[in-house]
Amino acid sequence: MPESAALQAWLLDPNSLTAKLKQHCANFEVRVIGQQPGTIRSDEARWLGDDEHAAIREVLLCCDGKPWVFARSVFPQRALDEQALQLGQLGNNPLGAHLFAQPDLERGAIEVAKFSPDSPIGRLNQQLGYPAQQLWGRRSCFKAAGQKVLVAEVFIGESIPAKLANEDTLS
């Protein structure tokens with residue numbers, strides 16, 4: 001866990017990250033990297049169960065035109081098929097706002113992780129033009145309409161948490 005209380009507050013906040021990001025910028029947007037069928041990884045299966053087939057959605061959450069968060073969401077096929085959730089029709093709409101609008105939403109425990117500059121997400125951060133740095137992220141499982149959705153969010157670029165993480169390493 002990071003030493004910075006401010007960074008911990010961002011990582012452990014149980015409320016909508018989309019809503020929190022919108023408070024820190026004038027223009028919020030979702031840039032979809034992709035949403036396609038995929039296989040649930042073993043580290044994801046412990047959250048979602050044994051269903052191998054899923055939709056994998058990867059997006060950048062941007063504040064004022066700059067990527068602040070890389071998010072990977074995994075929807076098992078049965079969650080994708082659930083009419084009440086309409087996960088296949090998200091497009092450029094934020095998943096977080098959609099999930100937090102569900103009347104029966106439950107959020108599981110938040111798992112926090114640190115990523116090195118040479119990890120895949122660290123390399124993506126650098127490809128986006130940001131300096132090599134350690135990154136922090138979180139992951140949790142949401143339940144709504146009897147289905148599970150796993151959401152991982154990593155703070156990148158010029159986001160407040162990425163700046164706080166960088167300050168942590170300098171102290």
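Predicted model: local features only at pLDDT ≥ 70, side-chain atom pairs only at ≥ 80, totals over all residues.

Reader: Which other strand is joined to β3, and by how many bridges?

Author: That is β7, residues 147–155, which is joined to β3 by 6 bridges and runs antiparallel to it. In this pairing F70 stands opposite V154 of β7.

Reader: What makes a group of residues a nonpolar core, and which residues have the most contacts inside the largest one?

Author: The members have to be buried residues of the nonpolar kinds, joined through side-chain atoms within 4.5 Å. The largest such core has 18 residues, and L21, F28, L61 and V69 have the most contacts inside it. At least two of its residues come from each of α1 (5–12), α2 (17–22), β1 (28–39), β2 (53–63), β3 (66–76) and α7 (160–170). Another core lies apart from it and has 12 residues, including A79, L87, F142 and V151. As a general matter, nonpolar side chains tend to be buried together in soluble globular proteins.

Reader: Which residues is V69 in contact with, once its close neighbours in sequence are set aside?

Author: Leaving out the neighbours within four places in sequence, V69 is in contact with L17, L21, V59, L60, L61, E153, V154, F155 and I156.

Reader: Why is T18 called buried?

Author: T18 has a relative accessible area of 6%, and the cut-off for "buried" is under 20%, so the word applies to T18. This residue lies in helix α2, and, not counting residues up to four places away in sequence, it touches F28, P94, G96 and A97.

Reader: How many disulfides does a search of the whole structure find, and are C63 and C141 buried or exposed?

Author: The search finds 0 disulfides, where a pair of cysteine sulfur atoms within 2.5 Å would have been needed. C63 is buried, because its relative accessible area is 2%, and C141 is buried as well, because its value is 6%.

Reader: What makes the contact of D13 and K20 a salt bridge?

Author: The distance from N to O between these side chains is 3.3 Å, and the limit is 4 Å, so the pair qualifies as a salt bridge. Both D13 and K20 are buried. The structure holds 11 salt bridges. In general, side chains of opposite charge can pair when their charged atoms come close.

Reader: Why are E29 and R31 called partly exposed?

Author: Partly exposed residues fall between the 20% limit for buried and the 50% limit for exposed. E29 is at 30% relative accessibility and therefore takes that name, and R31, at 33%, takes it too. Their side chains meet in a salt bridge, at 3.6 Å from N to O.

Reader: Where do R41 and E44 stand on that scale, buried or partly exposed?

Author: R41 is partly exposed, with a relative accessible area of 39%, whereas E44 is buried, with 2%. The side chains of R41 and E44 meet in a salt bridge of 3.4 Å, N to O. Both belong to a network of salt bridges that links R41, D43, E44, R46, E58, R72, E111 and R139.

Reader: What is said of the phi of Q86, and where does this residue lie?

Author: Q86 has a positive phi of about 50° although it is not a glycine, and it lies in the loop between α4 (77–81) and α5 (95–100). At 43% relative accessibility, Q86 counts as partly exposed.

Terms used: Residues numbered from 1 in each chain as written. Heavy atoms only, no water. Buried < 20%, exposed > 50% of the residue type's maximum accessible area, 1.4 Å probe, protein only. Helix = DSSP H or I, 4+ residues; strand = E, 2+ residues; numbered from the N terminus. Contact = heavy atoms within 4.5 Å. Pairing = 2+ DSSP bridges.
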